[in-house]
Amino acid sequence: MRRPLVGERWIAIGDAALAFEPIAAHGISFALFSAQAAHRWIASQDAEAYAAFCEEQWRAYRERRAEFHVAAVLELMGVRGGR
Ligand SMILES: Cc1cc2nc3c(=O)[nH]c(=O)nc-3n(C[C@H](O)[C@H](O)[C@H](O)COP(=O)(O)OP(=O)(O)OC[C@H]3O[C@@H](n4cnc5c(N)ncnc54)[C@H](O)[C@@H]3O)c2cc1C
């Protein structure tokens, strides 16, 4: 995750803000949602709200990524219903 996300006359969205591992996906949906969130920030000038949105997306992504990889390892080990 890029920090800072917002500067003088610029705002990072999509991959410029958060880089997702392609296998865990969600890069395209984040690009679209972050554009919407950036639009709200431009309208409100609430940079903290935009940073909080990105932090939450980053936290959720890392959780999904961990679940994805743990599930793949459990499957390789022959453990079913690990998730
Ligand atoms: C191999 C691979 C597989 C993927 N699979 C998935 C998937 O299945 N699902 C998913 O959700 N996501 C996937 N992703 C991620 C997804 O492609 C990205 O998260 C998403 O495209 C990010 O959108 P973006 O608009 O931020 O950036 P980009 O789509 O990269 O758009 C940025 C654009 O800016 C242009 N540009 C760069 N520098 C300049 C400049 N100086 N001046 C003008 N233009 C410039 C670039 O040419 C590009 O067109 C994958 C990525 C990779 C690499």
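**Close-up views of a predicted model**

Figure 1. The model is predicted: local features require pLDDT of at least 70 and side-chain atom pairs count only at pLDDT 80 or more, whereas totals for chains, interfaces and linings use all residues. Residue numbers start from 1 along each chain as its sequence is written. A residue is exposed if 12 or fewer other C-beta atoms, placed from the backbone, lie within 10 Å of its own, buried if there are 20 or more, and partly exposed in between. The buried residues of α1 are Phe30, Ser34, Ala37, Ala38 and Trp41. They lie on the same side of α1 because they cover an arc of only 110 degrees around the axis, the arc being that of the directions from the helix axis to the C-beta atoms. Among the elements that cover these buried residues are β2 (10–11) and α2 (47–76); a contact requires C-beta atoms, placed from the backbone, within 7 Å.

**Figure 2. The length of α1 and the residue that follows.** Helix α1 has 18 residues and reaches 25 Å from its first C-alpha to its last, close to the expected 26 Å. The expected span is 1.5 Å times one less than the number of residues. Helices are DSSP runs of H or I with at least four residues, strands are runs of E with at least two, and both are numbered from the N terminus. Gln45 follows α1 and is found in the loop between α1 and α2. Phi of Gln45 is positive, near 65 degrees. Gln45 counts as exposed because it has 9 C-beta neighbours inside 10 Å.

Figure 3. The residues around the ligand are Gly14, Asp15, Ala16, Phe20, Pro22, Ala25, His26, Gly27, Ile28, Ser29 and Ala31. A residue is near a molecule or strand if its C-beta atom, placed from the backbone, lies within 6 Å of it. This shell comprises six nonpolar, four polar and one charged residue. Ala, Val, Leu, Ile, Met, Phe, Trp, Tyr, Cys and Pro count as nonpolar, Asp, Glu, Lys and Arg as charged, and the others, Gly among them, as polar. Ile28 lies in helix α1 (residues 27–44) and is exposed because 11 other C-beta atoms lie within 10 Å. The C-alpha atoms of Ile28 and Gly7, 21 residues apart along the chain, are separated by 23 Å.

Figure 4. Arg3 and Pro4 are joined by a cis peptide bond, with omega about 5 degrees. Pro4 lies in the segment before β1 (6–7). Arg9 is found in the loop between β1 and β2, and its phi is positive, near 65 degrees. With 5 C-beta neighbours inside 10 Å, Arg9 counts as exposed. Most residues other than glycine have a negative phi, and most peptide bonds are trans.

**Figure 5. The context of the close-up views.** The protein has two helices and two strands, in the order β-β-α-α along the sequence. The C-alpha trace spans about 50 × 20 × 20 Å along its principal axes. The radius of gyration of the protein is 16 Å, whereas a compact globule of 83 residues would have a value near 12 Å; the radius is taken over C-alpha atoms, and the globule rule is 2.2 Å times the number of residues to the power 0.38. Buried residues make up 18% of the 83 residues.

Notes
Contact = placed C-beta atoms within 7 Å.
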